[in-house]
Amino acid sequence: MAGLRAAKKELRTLMRQRLSHMSPESLKQQSAAATEILLSLPEYKKAQCIGVYLSMPKGELVTTAIINDALRQGKQIFVPYIYHSKVQDCSKSCSTMDMVSLWSKSDYEGLEPDAWGIPSVAKNSIAERSRILEESGKSSGAVSQDSAKSETSSRSRSTESRRLDLIVMPGVAFDKGLGRLGHGKGFYDFFLERYHDLKVSLLGEETRMPFLVGLALDVQLSPDEIPTGASDWRLDALVVGDGSVIRK
């Protein structure tokens, strides 16, 4: 485990050095090329409910045109929301990720950048938004057995309606075997684990996972297999900024 962590850290450092030399012009050109390819994928065209990362000002492909296209087509869009929560295998409050609904183009354009320059959903709007894993505005406290059964049934119906068809995922590095190396926080991998477990527990069946597509700048595609562990989810497809696509 220590060796895997060290290998991941070394690769992240190498990739960040490479990305630091990328010009704004190249980022713009590659973002446009990758967007055109992604929008042509049959999985994207069929998807009614998609998750999309909100891109940083530099160092990763820009998702603005993807979000705008999905909004024009009337797709439901969910974007990352990082919050503090007590979760399994964490003895204290940890940062974890859910995905919350994005309402419109004006809603998207009104998002304020966080400390890293990433557009972020305001905490005071979360209760009004749909969420993939957590119930919006849910109350706490004791409930009767009948109420608990009713809530479980309601959550099952609600969870069924909150299936994601496709998720556009960021990363630091990728390989041709559809391995993905994230930024080291485990947000997406843990989100996918919880998504899978929640659907199975509430729907009582093995669930179909969203189609996972990564977006990579050309320098982020490693010629070698990247280090991954058992908890790292592999992609179904990777769209690269040079216009190429890698699929299962």
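Strand E7 (residues 173–175) and strand E8 run antiparallel and are joined by two bridges; strands here are DSSP runs (E) of at least two residues and helices are runs (H or I) of at least four, both numbered from the N terminus. Within this pairing, Phe174 stands opposite Arg180 in E8. Two strands count as paired when DSSP finds at least two bridges between them. The open sheet built this way has three strands in the order E8-E7-E10, with mixed pairing. Strand E8 (180–181) and strand E10 (221–222) are the edges, each with a single partner strand, so one side of each has no neighbour in the sheet. Strands of a sheet pair through backbone hydrogen bonds, either parallel or antiparallel.

Before going on, a word on the model. It is predicted: local features need pLDDT of at least 70 and side-chain atom pairs count only at pLDDT 80 or more, while totals for chains, interfaces and linings use all residues. Residues are numbered from 1 along each chain as its sequence is written, and side-chain values use heavy atoms, with hydrogens and water left out.

Phe174 also leads us to Ala216, which touches Leu61, Phe174, Leu238, Val239, Val240 and Gly241, not counting residues up to four places away in sequence; a contact means heavy atoms within 4.5 Å. Ala216 sits in strand E9 (residues 211–216) and is buried at 0% relative accessibility. Buried means under 20% relative accessible area, exposed over 50%, and partly exposed in between (1.4 Å probe, protein chains only).

Now step back to the whole protein. It has seven helices and twelve strands, and buried residues make up 48% of its 248 residues. Among contacts between residues at least 6 apart in sequence, 70% join residues at least 24 apart.

Next, look at the charges. The structure holds nine salt bridges, each a side-chain nitrogen of Lys or Arg within 4 Å of a carboxyl oxygen of Asp or Glu. One of them joins Arg247 to Glu43, with the closest N and O atoms 2.4 Å apart. Arg247 lies in strand E12 (residues 245–247) and Glu43 in helix H3 (residues 42–46), so this pair ties together parts that are 204 residues apart in sequence. Arg247 is partly exposed at 39%, whereas Glu43 is buried at 17%.

Another salt bridge joins Arg72 and Asp69 (3.6 Å, N to O). These two residues are three apart in helix H4, about one helical turn. Arg72 is exposed at 63% relative accessibility, while Asp69 is buried at 12%.

Arg129 has two partners to find. Its side chain meets Asp107 in a salt bridge (2.8 Å, N to O), and Arg129 also lies over the face of Trp103, at 4.0 Å from the ring centre. A charge sits over a ring if NZ of Lys or CZ of Arg is within 6 Å of the ring centre and within 35 degrees of the ring normal. Arg129 is buried, with a relative accessible area of 4%.

Finally, turn to the rings. Rings of Phe, Tyr and Trp (its six-membered ring) pair if their centres lie within 6.5 Å; planes under 30 degrees apart count as stacked, over 60 as edge-to-face and the rest as tilted. By this rule there are two aromatic pairs. Tyr81 and Tyr83 have ring centres 5.8 Å apart and planes at 10 degrees, so they are stacked. Phe191 and Tyr195 form a tilted pair, 6.2 Å centre to centre with 40 degrees between the planes.
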